[in-house]
Amino acid sequence: MPLRDQDSAYMAKALRLAERGTYTTMPNPRVGCVLVVDDKIVGEGWHQVAGEGHAEVNALLDAGEQARGATAYVTLEPCSHTGKTGPCCDALVAAGVVRVVYGTEDPNPEVGGFGLMRMREAGLVVEGPLMEEDCRALNPGFNRRMERGLPFVTVKSAMSLDGRTAMANGESKWITAPHARADVQKLRARSCAIVTGVDTVISDNAAFTVRPDELNIDNAEAAAAKQPLRVVLDSSLRLEKAYELMSAHSPILVVHANGDCSRAESWPEHVELLSLPAADGRIDLVALLKELARRECNEVLVEAGPTLSSSFLRKGLLDELVVYMAPKLMGSDARPLFDLPLQSMAAQLPLFITDVRAVGQDWRITARPDFDG
């Protein structure tokens, strides 16, 4: 049966449903599902919270007996394995669904394709991928972790119009206005981990938590309920328990290379200490990202100074750059966005601008590095 224009319309609806789980499904993917009989939607659902019903199960519950004979539109291949919930492909078969249109295959190489195969073997018509680019865009971190064993890394910075992030003495509060700072809360809420450096903790004394009162989304309390893991890179363990970061009772991972661990004996119980290898005198960032992927971190947000941010960029580990630009000038003595002492035009690093929009009185610029450019 060839795909029809209506199929794209129903998949677009499934995509909008999946987006409702943007802040709450980690480490699982965001997935939406629509059930249709005779061009009428009889059930819809999305994966809302990790460990609870998947999108297909929620749509089947919504449809009840009307699911028999339906076409299911699912943004991601229905799962074929048993975790905290049963296989969704089996649930669709048992409910009497006769046709499945999927957006993209499961990127997990160990299970991808098996759900489609099992449904076809059960006699269902299975078609797709449909709107694959849009469906994959729902889950950049989950895809990256499944396919490459690394999380998706976003580096976030705030700068003045002349590209400065702090005064020469380190003062940086506040470059941007409240609307931009509230927008950062959404970046934090969709992230599994926030990575920063000890120098940033010392200079800013920030908690790096998600504040539900600033999220401005429908499910703000649920989004903030599971705080991202806060990761502090502190090679020689200079961190003190007096900082605001330590007082917020959500998990903290302090990563060091050769620090004096006795300092950590007085730290709160929610602080974990991890030793990783050093590379060029600093913590090995590849080893860090592999460890975060092992801990099922899909999306990682880096909120750090120019030195650490530049390290992610230079090593080809930065997937996305989000810069909040304020309409002000901070002068030539202020600190730059990146620590990149480039000496020629040939050494410049090209970027793809993917989005530019106003956020209050500031501007948010989203870009991807062009490492092959």
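Okay, one definition before we start: when I say "buried", I mean a residue with under 20% relative accessible area. And keep in mind that this is a predicted model.

Cys-79 comes in at a relative accessible area of 8%, so it counts as buried. Cys-135 is buried too, at 2%.

How many disulfides does the structure hold? The count is 0. For Cys-79, the nearest cysteine sulfur belongs to Cys-88 and sits 3.6 Å away. Cys-135 isn't in one either: its nearest cysteine sulfur, on Cys-33, is 12 Å away.

On to the inside of the protein. In soluble globular proteins, nonpolar side chains tend to be buried together. Here, the largest nonpolar core has 33 residues. Among the members that touch the most others are Val-195, Val-231, Leu-288 and Phe-312. Several elements supply at least two residues each, including strands β8, β9 and β10 and helices α11 and α12. Which one gives the largest share? That's α11, with 4 residues.

Looking past its neighbours within four places in sequence, Val-231 is in contact with Val-195, Leu-253, Val-255, Leu-288 and Leu-292, to give part of the list. There's also a second, separate core of 24 residues, and Val-232 is one of its members, along with Tyr-324 and others.

Here's a residue I'd like you to look at: Arg-230, in strand β9. Arg-230 is buried, yet it has no salt bridge. The nearest side chain of opposite charge is Glu-244, at 7.8 Å. What does Arg-230 touch, beyond its neighbours within four places in sequence? Its contacts include Phe-208, Thr-209, Leu-245, Pro-251 and His-270.

Helix α2 runs over residues 55–63, and its buried residues are Ala-55, Glu-56, Asn-58, Ala-59, Leu-60 and Ala-63. Those residues pack against β1, β2, β3 and α3.

Definitions and conventions:
Residues are numbered from 1 along each chain as its sequence is written. This is a predicted model: local features need pLDDT of at least 70, side-chain atom pairs count only at pLDDT 80 or more; totals for chains, interfaces and linings use all residues. Side-chain values use heavy atoms; hydrogens and water are left out. A nonpolar core is a set of buried Ala, Val, Leu, Ile, Met, Phe, Trp, Tyr and Cys residues joined through side-chain atoms within 4.5 Å. Buried means under 20% relative accessible area, exposed over 50%, partly exposed in between (1.4 Å probe, protein chains only). Contact means heavy atoms within 4.5 Å. Lys and Arg count as positive and Asp and Glu as negative; His and the chain ends are not counted. A salt bridge is a side-chain nitrogen of Lys or Arg within 4 Å of a carboxyl oxygen of Asp or Glu. A disulfide is a pair of cysteine sulfur atoms within 2.5 Å.
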